[in-house]
Structures are given as structure tokens and as C-alpha cells.
Amino acid sequence: MTAERRPLLAFGPPVVAERPTQTPRDMPRLSKPSAGRQGERLAPQFGDLTAAFDAERVRLSAETPDEVDPALVVVFDLAGSIKDFRNAIDQIDGLEFLSELLGDRSDPDDDFYMAEREAGRTDKPVAHSLYLVMSNAKAIEELLRLFTLWQENPSASFEHGLGKFKSAFQQLTAIRRWGPEDRIRETGLREQWQETLDLVGQSFSTVMVEIELWYRHDAVQRVSAQTHVEQTIAASGGRIIDHSQIGDIGYHAVLAELPIQQVHSVLNNGAASIRLLTTDEVMFVSPFTPMSVAPPTLEPVAEVRLPSGDRVDGLPRIALLDGLPFPNHDALSGRLVVDDPDGLAESYPLSSRNHGTAMASLIVQGDLSIGGEPLDRPLYVRPIMRPHEFAAGYEQILPNRLLTDLLHQAIKRIVEGEGGRAAVAPSVRIVNLSIGAQARALVRRMSPVGRLLDWLAHSYNLLFIVSAGNHSDPIIIPAANLTDSNAARSAATRSVYDAALLRGILPPGDALNALTIGATHEDGLGDIDVPDTVWDITHPGAPAHYGATGPGVDRSVKPDLHHTGGRALYTRPITTPGDETVTIEPAHTAIAGPGLQVAAPGRAGATNNTVFTVGTSNATALVTREASRLFDILEAGAPDAQDAALPDPQYHPLLVRALLTHASNWGDWEPRLRRELGLSNQQARRSLTALLGYGRLDASRLGTAATNRAVLVGGGLIARNQRHTYDLPLPPSLRARAEWHRFTITLAYMVPTVGQLTRYRGAKVYFATPDTSLAGGDRTDAEHNAVRRGSLQHEIVQGTRTMVFGDGDAFPIHVECMDDAQRLRAGKTVRYALVVSVETAEETSTTIHDEVRAQLRQRISDRTRERIQGNG
């Protein structure tokens, strides 16, 4: 029995109501010290702050004849957080809220600990929030006045708008100046500089850094801050290379080159030893290493024969921001629209055009080993890479540009235009970013380029498909596991899992509004002879060992899903007696495979050469290709006039994101990984969610239903405290049958973001926990808390319990919207898309789709009749 394909169905309009109020959960509460105890603890710290202002005033007076009131960044380290505290900060003249960061959790002590109503004091760690505030000395005096007033009388009334400071004083664990170590602690600067010295010694004279400044609300203050930073860099012997201000995401940064002496000073004498890291205008200093890509091989020899095709007409739907492709390759000829405003082609030799050619090939043609149908639209290409200055064949993201600013300018050029000129490709709906920043992954703070993608996606209604990133570090396994391939595979999996913190998602893959792609260990080449010098230590179809792992910021689900990235082989290690561990390095398979077969620039101008490659970049390009196919399906509309119309095109980018995720699941990954990693029930689901995201994409289920599976889609605009209810008709053939069945629900929304706050999301949209009793099953796959932390919620309920329901009954899905980082203003709405499916085994029923469709059509008929009667 074979299930036949069936079209997508539309829900039609939801029932709109107010979101029901929920009884607050009895959560552990923060126990805080008395006002007197806070005075004992904090008075010396206020004294240190006052002394710091005095010292800075003396230093500045030596540099300028005018008396200057210094401005320093002050850190309020609070146990927990305080809603709307930022508003109170801005009420005091001389204080300016800059940012909120997630602080380190601390062990409980006698001053601050978590207590439960019945159990009392607990051993749970205390969460912290850091509020970063620009302050002058006068403002600190006012703050000290308020603190003293509160100490003397904790119930004293504060002036209008300052009441939050009483809560802040209660929860204040420390108040101090933002210092040099703060500016580099999470950026990996010290570690990167030490690695650089260890690797190349004294063979270089400068280092590149990205300096992120505090984004000041006042333009004059921003100019002043940048001028001061530039003067500081010049005084140290450095130079400015690029700078950027993007007000929409609160981004202000400078790209600079520093002399090697600055590196030695920091490593030998500490962060405070160089002036740049003591400059108050500076928020963070990160090592700047533009992503570079090695060529798969300098000798491509495999050839491919493709049918000659005419030039593709029409408007581009996909934008590829990558390296410059080889446009005359047989796989790409007549199919690219190359936009090169920076004139990179003039110095981009054919032999270096590897990565852009490969990504364009995968998007347009797919894996050439399989031979799929090419896209019927041209591909817009904007090169943002160039040949590496020293390494032959290598490419790198433009090394003289801040990546955040480069992408901002590129996207605005596509959709808005620049310099008074019209948009160059306003038809683009999908942006492929198979590139990233070679930086230490941040899980407590969204990267600037991640914040940018979130804002661009929300502002321009674009679907960004981004690679999670690759980690090509060697894998270390016990030597005892070398005797058996299965044992080696399990050991490699454990090694990668143990190193998860070092193999995190690379920016901009941390963006919430982007679809972040990991890679699976598979390709279309089929069985091949593997020489004795290499071996395959990855389970077939499993997550590739080279792929970055999650979680995302605030433990959100990242990567979102996995797709075909190519099989990576590893060198078979040579061991000597007594070795306890062995190191396994990636093997070179570009010429004969395995891997995905892609177009490559050929020798002597050949236009049909190919190579084999692996990576999350490949998976991202293939997902982009599938996304375009889904747009085709949605734009074609409902195939039958009796069915409800598919959602409006404004929902298509989100619907495509949801449909791609909807066709993903963990499959057989979970039981094997539980066993190999020794995960208990308590930790397994959270740990596996960080590794697997929402699972492996099954392209055969994309954009289509089947006789035994109904798939319904919807989209809407939801306001704060609203509930939109969609009713999935329950198929009668499932009633009272103890057979396997599954409900899958996927919600994607375009989250508005607040870049200066830890909570980051301006609003939260989610569907309520599915009724597992009515569904006759249990939740599977991703952990239930993690699925609500981003802007993409995907849940599966499956089982074999008997479903009890009557004729015409439905399975309700409640989509709800609530405030998160800030209050969603009246009249503002959040765009979302919903995909829901119900299915069973073919042996159980082949009428599921038809039964659901018939009930949906009956609803349309009933609504039409009611409307006619109402008008009569």
C-alpha cells in the first residue's frame, strides 16, 4: 500500500478571543537581606565609585585646561531582574541606561538565596542581571542620597518614576565600574591572542579587533565617543580600518588594527595595561578574524554533463551572499544575476572562486550526483568575499569591513536601494548565508550580526537561511576503541558531545528570526570503496561531527534543523603501544568523494569540472533550494476552489520556515544517542535538544500531504493578550482505534527584538501545550521548555492510545501572544504562521486527508450560509 500525495489545506480564519489569565506558578522566590545589611555591604562600594570619579577627574584635568565631569560606566549587579528598571534609570539626570546583560549565577549565601513557600531555603543557584549605566559624578551622588534614604526608611516614598530603585537596592549584590576584564571576558580575545602567539610567534606585527562601543542615544555623544576611541587607538600606534553605526539595533563599532606590543602587554600584564581596555566608551573588544574558506582542492578533475539550458528569465527569489561564483560553469550559465558594487571581480581569479560557485551550484542544481531539476528563476549573487591575500585558493569575508555593517548595507541595497538608486532585487524573499564569523560562540548575549538579522527579517519580511557553522578540530577518542568501527563511532560521538561548549553555534546562526541549519552525514554518491588509510566514524544519516551544536542564546533551540551536508571521512590513526588516546583528523575527499558533488572552477577554463565538499554550508544551500520550491507551492494557491485559500503572501516567508521545520524530527537519533552518551531521562531531552535541534529534514514530506496525512496551514497578525484558536477536524477513521498516530504542530513568528535587554524578545507568541489526552499520545523530541525560547515552536505528539471523540469534533490549537521584554503597544501586532498535521500508518487509514478536507469544506459552506442569512 502506497500513500498518494495530496495538497496542503488551509485552516481559514481563527476564532479570536482574549488570552485567558493564568494562575501564577509558585516559583522559588529570592530572599534578600535587610536594608541595614545592604548598607554594610554596599557603602564601601559606593565609596569606591566616588573615588573612581575623583581619580578620573584628576586624570582628565591633566589633559585639558577645562574642568571636566567624567562619565563612567557603572554596573548594577542585581540578584534576579527588575521589570522596567531601565525606565527608572533614565529618570535620574546624569544616568543613561546602556544595556542589560545576563550575569553569572552564584551559589546561595546568607544574604541572597532562593526560598520555596513550603520547603523554605533551597540550594538553587541565584540568577543575576547586570544593568550597565553611563553615569556622571552628580548622578552617583543622587543615587547615594536615595540609597541612604532607603536605608533609613525602607518604606520611604521616592519621587515619581524612581520607585524601582527601592527594589534595586534590595536586590543589589554589587555596584562597581565596568572594567577592562569585563570588556574581554566573553569575547575570547585573550585566548585568541595567546593561540596566535603560540602558532606564529613573532611573525606578525599587528592584530585586528572589533571594538563595540556603548550605543548612546544622543548623536553628538556617539561622535564624541568614537573620536575618543580613535584617538586612543592612534596614540597606541594603531589605526582605524572601518566604523559603523546602526541605530535600529543599537550598534556602534570600530574595526581597528593594533600593534603587536598591545598583545604582549595584555598577555603579560593584564587587560588594564592598555588604554583601549580602560576606555569607558568601550563595551567589548573582540578578536577580528574574517571567515576564510579553504579550496576543496586546487586540482578539480571530476566532470559532469548537464543538458544545455537557455538563460533563465524572471525575477530572483533567492539572494546568495557569498564568494564570487564562476558564472560560465555549465551548471550556472545563464542562471545568475551577479551584483558586484565593490568591484571585487577585477581581482578575483577564477582559481579562487570555489565557495560561491559551490553554493550557487547546490542552490540551482542540488547535489550533482543525484541530478535534480534546476531552479527556474535566476539566482541573485552579491559577493562579500575576496581571495585571501596570502593563502592560494583561499577566500575570506572582506577583511576591511565590519561584517555587521557589510550585511546591513548588502540587504538594504537589495530591498531598498542605496545612494538614491532603486532597490536592485526587491523580489528577493530568501537570503542564503552559508558564511559566518569565526568567533567564539556567545550563548548569553546575541551577537551584533545576529541582532542585525533579527531586525532585517522582521523589518523586511525576509527568510534568512543560515549555516550553524563548522568545527574542523580533530576528534580525540580512547585508543581502546580503535579495534571496532562501531566502538569508534560511539567514542567519536561522545568526544564531540563532551566538547559541545567549544563547538557552539557561530554568528549569525544565533539569530532568532533566522532558520539555522546543521548538517547530516549523508550525500547522493552512494557506496564507494574507502581506502585503508581512512575510515567512516559517523553513523549513516546522523548529525555530522563537523557541525556546530547548540543551544542558542537563552537556551533556545539551535540549530533549528539538519539537512544533507556530505559524508566526512577521517584519517585512520597510527598508534603505538601505550597510547591511551588517539587523534583523528578530517580526510581530504574532494577529488573522489564522498561528499556533495558541486560545480568548481576548472583548469584551463574548463566549464564542467566538479569537486566533492562537506559542511553545514552545503546543507544550508540545499535547504534554501527546498525553500524556493515551497514558495512555488504557496504562490500557486489552493488547487480546488472549494477549499479555503492559502494564506496571503505576507505570511509566505514564515510559512516556509514553519513547513521546513514541520518536516523534521529526531527519528531514530534519540534512542541511539541516549545509549551512547549514557544520558538519564532527567537530562536526556535537554541535552539532545542542544545537539539535534528539531531533527533531520525529510524532504519527501515538504509542502505536501498524503492520503494518510492531512497538513493544514494558517497565518495571522496577533496583538498582545490575544488568543487565536484553530480547530483541526478529527478524522473519524481514527476514532476508537488503538493504532499509531501522530499530531505535529509548528509555529513560526517574526519576533520584534530589543537589543539592549537580556530577554531580547519584544513579545512572545506560542501555542498552548497540546491536549495529549485528546491526542491519545505523548510529546516527543525537543524539550518542552526550549521550544518556547525562540521564535520557532515545533512539537510532536504521538502514540497508540485510543482517541475518544464524537462526530464533528476538533483538536484545538490556541496561538497566544504576551509581552516579553517590553509591552507590545496598542495597534501593534506580530506576524505568525502555523502548520498542523495529523497522520497515521497507511495500513490504518488512507482517508485521513479526505476526511479532514470534507469537514473543512463543510465549515466554508456553513459560514457562507450564515453570512447570506445574516445579510438577508
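This is a predicted model: local features need pLDDT of at least 70, side-chain atom pairs count only at pLDDT 80 or more; totals for chains, interfaces and linings use all residues.
**Cover, sheet and cores**

Q: How do you know what span to expect of H12?
A: The expected span is 1.5 Å times one less than the number of residues; for H12 (residues 485–498), with 14 residues, this is 20 Å, and the helix reaches 20 Å from its first C-alpha to its last, so its reach is close to the expected one.

Q: Why is the approach of Asp484 to Asn486 called a polar contact?
A: At the start of H12, a side-chain oxygen of Asp484 comes to within 3.1 Å of the backbone nitrogen of Asn486, and because the limit for such a pair of N or O atoms is 3.5 Å, the pair qualifies.

Q: What makes S36 a paired strand, and with which strands?
A: Pairing requires at least two bridges, and strand S36 (residues 722–729) has 4 with strand S3 (residues 15–18) and 7 with strand S41 (residues 810–819), so both pairs pass the test. Both run antiparallel. Arg723 of S36 stands opposite Ala17 and has Glu816 as its bridge partner in S41, while Pro729 stands opposite Ala810.

Q: Why are S3 and S38 said to stand at the edges of the sheet?
A: The open sheet of 4 strands has the order S3-S36-S41-S38, with antiparallel pairing. S3 and strand S38 (763–767) each have a single partner strand, so one side of each lacks a neighbour in the sheet. From one strand to the next, the twist averages 20°.

Q: How do you know that S36 is mostly covered?
A: Of the 8 residues in S36, 6 are buried.

Q: What makes Phe464 stand out in the largest nonpolar core?
A: The core has 128 residues, and Phe464 is, with Leu321 and Leu660, among those with the most contacts inside it. The largest share of this core, 8 residues, is supplied by helix H13 (residues 616–636). Leaving aside residues up to four places away in sequence, Phe464 touches Ile411, Val431, Leu433, Leu453, Leu456, Ala457, Ala514 and Leu515.

Technical notes: Residues are numbered from 1 along each chain as its sequence is written. Side-chain values use heavy atoms; hydrogens and water are left out. A nonpolar core is a set of buried Ala, Val, Leu, Ile, Met, Phe, Trp, Tyr and Cys residues joined through side-chain atoms within 4.5 Å. Buried means under 20% relative accessible area, exposed over 50%, partly exposed in between (1.4 Å probe, protein chains only). Helices (H or I, at least four residues) and strands (E, at least two) are DSSP runs, numbered from the N terminus. Contact means heavy atoms within 4.5 Å. Axes are lines fitted to C-alpha atoms, for helices over the stretch in contact, and angles run from 0 to 180 degrees between N-to-C directions. A polar contact is a pair of N or O atoms within 3.5 Å; within protein, one must be able to donate a hydrogen and the other to accept it, and residues adjacent in sequence count only if both atoms are side-chain atoms.
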